[in-house]
Amino acid sequence: MKRGKRYQEASKLIEKGKQYEAKEALELIEKFPKTKFDETVELHVKLGVDSKHADQQVRGTVVLPNGTGKTQKVLVFAKGPKADEAKSAGADYVGAEELIPKIEKENWFDYDVIVATPDMMGVVGRLGKVLGPKGLMPNPKSGTVTMDVAKAIADIKSGKVEYRLDKTNIIHLGFGKVSFGADKLLENYNTVMEAIIKAKPVAAKGQYIRSVSVTTTMGPGVFIDQK
């Protein structure tokens, strides 16, 4: 695969085979050639677990101290007073059954996170095949199935992110923007890594964190030393 000039220039800054200290890696990312937009800084953590086993799943949420740099749009499935509460708390969209055809037939996905009250999960469950593959299905573990919709919305808007394993046992997560600078990115990075380490399943054996790298939307990865 042929890489663009900017990617190749960024790659030259990385010492081959070297694992960097976290701050050093983030300072290096700051030196990458700039794009026309403010790139997201991504974290990729390979874990020594097997996601096929229920007792080795790693999933949770964490509120980043400096936010994500992205305004998250929130859709809330709720009725009555809870729908009013969601609107007052700043939800971008609030609705119930009437949203099903809009999502199913019109491919409406103009939102980043879905929150639902528990009584609405029967309705939302009908969208499982559509929402599941996009990672949009509300889940009690991520705090998106809750009666406290106001708190859920406030957390999401202030920089709450979800981390979860993919099928290859890797967690992929955006944790800020290049414009944040190394210090703010480091605070966010440390917060996420602490949460992932705390979430280590009891059933996990051997080395838990296999590798950690950071990169930008369009850039090469920089590996971080975990010693």
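Which residues does leucine 47 touch, not counting residues up to four places away in sequence?

Guide: Leucine 47 touches Val58, Leu165, Asn169, Ile171, Ile196, Tyr208, Ile209 and Arg210, with contact taken as heavy atoms within 4.5 Å. Before we go on: this is a predicted model, where local features need pLDDT of at least 70 and side-chain atom pairs count only at pLDDT 80 or more, while totals for chains, interfaces and linings use all residues. Numbering starts from 1 along each chain as its sequence is written, and side-chain values use heavy atoms, leaving out hydrogens and water.

Leu47 joins Tyr189 and Val214 as the residues with the most contacts inside the largest nonpolar core, which has 40 residues. Such a core is a set of buried Ala, Val, Leu, Ile, Met, Phe, Trp, Tyr and Cys residues joined through side-chain atoms within 4.5 Å, buried being under 20% relative accessible area with a 1.4 Å probe, protein chains only. Among the elements that each supply at least two residues are strand 1 (40–47), strand 7 (170–177) and strand 8 (209–216); helix 8 gives the largest share, 8 residues. Helices (H or I, at least four residues) and strands (E, at least two) are DSSP runs, numbered from the N terminus.

Apart from this core lies another, of 16 residues, including Leu99, Ile100, Trp108 and Val123. As for helix 4, it spans residues 99–106 and lies across strand 3 and strand 4, at about 130° to strand 3; axes are lines fitted to C-alpha atoms, for helices over the stretch in contact, with angles from 0 to 180 degrees between N-to-C directions.

Notes. Buried < 20%, exposed > 50% of the residue type's maximum accessible area, 1.4 Å probe, protein only.
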